[in-house]
Amino acid sequence: MRIAGYRVSVGALAGFAIVFANLFAAVFAPVIAPYGQADLVGDVWAAPSAQHWLGLDSLGRDMLSRLLFGARTTISIALLITICSFAIGIVTGFTAAVAGGWIDMGLSRLVDAVMAIPTLIFALIILSVLGTSVPVLVGTIAALDSTRVFRLCRAVGVDITVMDYVEVARLRGEKLWWVMLREVLPNALPPLITEFGLRFCFAFLFIASLSFLGLGIQPPLADWGGMVRDNAQAINFGGMAPLIPAAAIAQLTIGVNLVVDWFLSLHSRAHGEGA
Amino acid sequence: MSDEILRMESLQITAQAEHGGPGKKIVEDVDLILHRGEVLGLIGESGAGKSTIGLAALGYTRPGCRITGGRVLFEGMNLRDASPESRRRLRGRRIAYIAQSAAAAFNPAKTLYAQICEGPIRHGVMSLEQARIEAVQLFRELDLPSPENFGERYPHQVSGGQLQRAMAAMAMSCRPDILVLDEPTTALDVTTQIEVLAAIRKLIREHRTAGLYISHDLAVVAQVANRIMVLRQGRKVEEGRADQILLQPRQEYTRALVAIREAKVARPAASTTDSKPLLELTGVTASYAKLAHVVEGIDLSVRKGETVAVVGESGSGKSTLARVITGLLPREAGEILFRGRSLEPALASRSRDLLRRIQMIYQMPDVALNPRQRVQEIIGRPLAFYQGMESAKRKERVRELLQAIDLAPEFAHRFPGELSGGQKQRVCIARALAAEPDLLICDEVTSALDPLVAEGILELLGRLQRDLGYAYIFITHDIGTVRRIADRVAVMLKGQIVAEGPLAKVFAPPYHPYTQALLSSVPEMRTDWLDGVLAERGQLGEAAAM
């Protein structure tokens, strides 16, 4: 099957469908959710019914509504984190690759040092010192995540900066930023876009695990990781409440990965004009 | 005929199209007969299908390609229908292959013995003991140094020319009936090429091995081959005895290939030679990261409208010299005067106007053009950068520049991936012209191109010089090119200039010994050239020994 000149597999179509459905839920949550995300509407862990399609949670809030609002917070924050980490990683990574010398050495060793500390522990320390607000959360995870983006950008950038066209730009007298943005970045896009999708999944899972530990997004704001934690006790009574947000996390991760796989397959092929 | 060993009948090989559909035929309707003890040269430019035919002789095609018609008969057995097992038994044992890059063909982690003896042992032809004795014998025949111990070395411990000969030994280790040689000397310097060529020729003559010798260089093939087949775009153009192809080519295309090294590129009259030098180097020395000096004590001057060729083998420091002039590698000592003013050593401290006046053109047009920019953007950038030209005017100027390099205006909208090699190099030239420079440094600009395409580029550069009076520094290893375009020559050896002066003086007796070695190593378009050179050198060697 072809869409706009690109081959699209069934997997990719499914991926796109999942991603769009999630985005739709995130954008229109206040309109489509039957109840507010903080409203107590019935019994604790009430079973699914006609009024409450997915049942109620540990405080008696509507699970479906919280899932929809949760998509909103989780996806928007994960997206924000990924964009920030890419902005930091691309600028520092390409600077290191293009400038080389002691700038490269300094940045690379700094990144090595940060990467040597387990990410989750590091994040927990920072969040418990600075407190858990959304800006701190975004800043912390973006900074930690950007180390991986830095590594990728530097590796890809070093390969590109040895090309003669970069030397031509330097001989012309172009500034560092021009070389980075116009000569290097366009040629680094395929691996970067792929990485963006994967990083988004990781950011999103990372928030979920932080929320599960109680240091992520704070109640009453709904988010999928937090919802798993809030309802974890239901497992003891054979309830399915924690499985619903867990499934939501799983389906978005799978959806994004399907899209990423498709994108990868496009660029692993021809080096010709389309690549 | 009874001694016929390989026959191809209306061979057709197709490259599969990417999304189904009919594939592209890369070899079409080629007939070929090879007799025992005979060498057939396959000649053609890139894309002519010569390597594909060479591999087909082993019953092999590259991934994505398929033999879609005709037959490949080895001693009457059709390799196309043969089982993979029987083909495997033939390969290496009866039909062997020598690739262009020996460095890529050897495993760096194993000794040469281990790799050369692997074939005979695997095929069950010889015992390890026997294979080693045979290998030493082959090393001796190939004139390799200390043949008894040569095989104990690792690939990185021998020179490029020796490694190429070691690969010949590997291919010959099973005493094959047919040897397929795919550009075995193309990656080597001229002086090394001659050794390898002589060794390989001796070997196949002594063993009466039949050979398919693939090359783009007609002069090289003519030294080895009995017969030559000229190919173009997957089809046979002409076939005949080697001397007949060289002396009486029947087809227009072959004639062009034979004549290619002879015509001199039209040059401006040397009326400007009395003017002051545009660029003057005195005692220039530079090195990479505190290593030994890569270039040392270079004196060189270039006048307006003049072409100075810098000649040397790989590693002689000629490209480094270009990097020193452009400021990519700051000089450590010496002085460079440009338009009478001292040139700042480092790129970063030079003014924009100075950068504009010195432009580079590179060897590999593929990597010298950003694949994500259209031609308009590539050529337009220097216009915007140096002259601050606005968009509409820039479009007009790019159009003019495309016209100057003989490309249609539509090319402005193309990406480099949509251009041929020669067109890409033309775009590189246009980009340099856009800066309106005084000096153009051309670093091996024709060596990655097919002969006829390279011809066009040289003509273009000559015409631009006549019309616009640029000065060229022409870095090359190809003496033929130098003869045709240079006013003055500088011969480089190990980072130093060993001979310098007007072309007629440097390339005429009395020679510097290295210049002579270089000159006599350039293959000439006659079949007895190699014999002549070897005889001459043999005499010299004997004289020296006495």
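This briefing describes selected features of a predicted model with chains A and B, grouped by topic. Chain A holds nine helices and two strands, and its C-alpha trace spans about 70 × 50 × 30 Å along the principal axes. The contact between the chains draws 15 residues from chain A and 20 residues from chain B.

**Chain A as a whole**

- Read from the N terminus, the elements of chain A follow the order β-β-α-α-α-α-α-α-α-α-α, which accounts for the nine helices and two strands of the chain.
- Chain A has 275 residues, and 40% of these count as buried.
- Among contacts in chain A with a separation of 6 or more, 66% come from residues 24 or more positions apart.

**The side of chain A that touches chain B**

- With 15 residues from chain A and 20 residues from chain B in the contact, the elements of chain A that each give two or more residues to the side touching chain B are α6 and α7.
- Of the elements on that side, α6(A) gives the most, with seven residues.
- By class, the residues on the side of chain A that touches chain B comprise six nonpolar, three polar and six charged.

**Packing of α6 and α7 in chain A**

- Two packed helices are described by the angle between their axes and the distance between the axes.
- Helix α6 (residues 164–172) and helix α7 (residues 176–212) of chain A have axes that come within 10 Å and cross at roughly 155 degrees; an angle over 145 degrees counts as roughly antiparallel, and that is therefore the relation of α6(A) to α7(A).
- The crossing of α6(A) and α7(A) is right-handed.
- On the α6(A) side the residues that meet the partner helix are A:Y165, A:V166, A:A169 and A:R170, and on the α7(A) side they are A:V179, A:E183 and A:V184; the contact of the two helices thus has five nonpolar, no polar and two charged residues by class.

**Packing of α18 and α19 in chain B**

- Helix α18 (residues 421–434) of chain B packs with α19(B) at an angle of about 20 degrees, and the axes of the two helices are 9 Å apart.
- Because angles under 35 degrees count as roughly parallel, α18(B) and α19(B) are described as roughly parallel to each other, and α18(B) passes α19(B) in a right-handed crossing.
- The contact involves B:G421, B:G422, B:Q425, B:R426 and B:I429 from α18(B), together with B:V453, B:G456, B:I457 and B:L460 from α19(B).
- By class, the residues in the contact of α18(B) with α19(B) are four nonpolar, four polar and one charged.

**Helix α9 of chain B and residue B:A199**

- Helix α9 of chain B covers residues 190–206, and at 1.5 Å a residue these 17 residues should span 24 Å, which agrees with the 24 Å that separates the end C-alpha atoms.
- The buried residues of α9(B) are B:T192, B:Q193, B:I194, B:E195, B:V196, B:L197, B:A199, B:I200, B:L203 and B:I204.
- B:A199, placed in α9(B), counts as buried because 20 other C-beta atoms lie within 10 Å.
- Apart from neighbours within four places in sequence, B:A199 is in contact with B:L142, B:D143, B:R165 and B:A168; B:R165 stands 34 residues from B:A199 in sequence, yet the two are 7.4 Å apart in space, C-alpha to C-alpha.
- Just after α9(B), B:R208 takes a positive phi of about 50 degrees.

**Other backbone features of chain B**

- B:S10 has a positive phi of about 30 degrees although it is not a glycine; B:S10 lies in strand β1 (residues 4–15) and counts as exposed, with 11 C-beta neighbours inside 10 Å.
- B:E444, also not a glycine, has a positive phi of about 55 degrees; B:E444 sits in the loop between β17 (439–443) and α19 (451–468) and is buried, with 20 other C-beta atoms within 10 Å.
- The peptide bond from B:P509 to B:P510 is cis, with omega near -5 degrees, and B:P510 is placed in the loop between α21 (503–506) and α22 (513–520) of chain B.

Note on methods
Residues are numbered from 1 along each chain as its sequence is written. Chains are lettered from A and ligands numbered from 1 in the order in which they are written. This is a predicted model: local features need pLDDT of at least 70, side-chain atom pairs count only at pLDDT 80 or more; totals for chains, interfaces and linings use all residues. Helices (H or I, at least four residues) and strands (E, at least two) are DSSP runs, numbered from the N terminus. The expected span of a helix is 1.5 Å times one less than its number of residues. A residue is buried if 20 or more other C-beta atoms lie within 10 Å of its own, exposed if 12 or fewer, and partly exposed in between; C-beta atoms are placed from the backbone. Axes are lines fitted to C-alpha atoms, for helices over the stretch in contact, and angles run from 0 to 180 degrees between N-to-C directions. Angles under 35 degrees count as roughly parallel, over 145 as roughly antiparallel, 65 to 115 as roughly perpendicular and the rest as oblique. A crossing is left-handed if the near helix is turned anticlockwise from the far one by less than a right angle, and right-handed if clockwise. Two residues are in contact if their C-beta atoms, placed from the backbone, lie within 7 Å.
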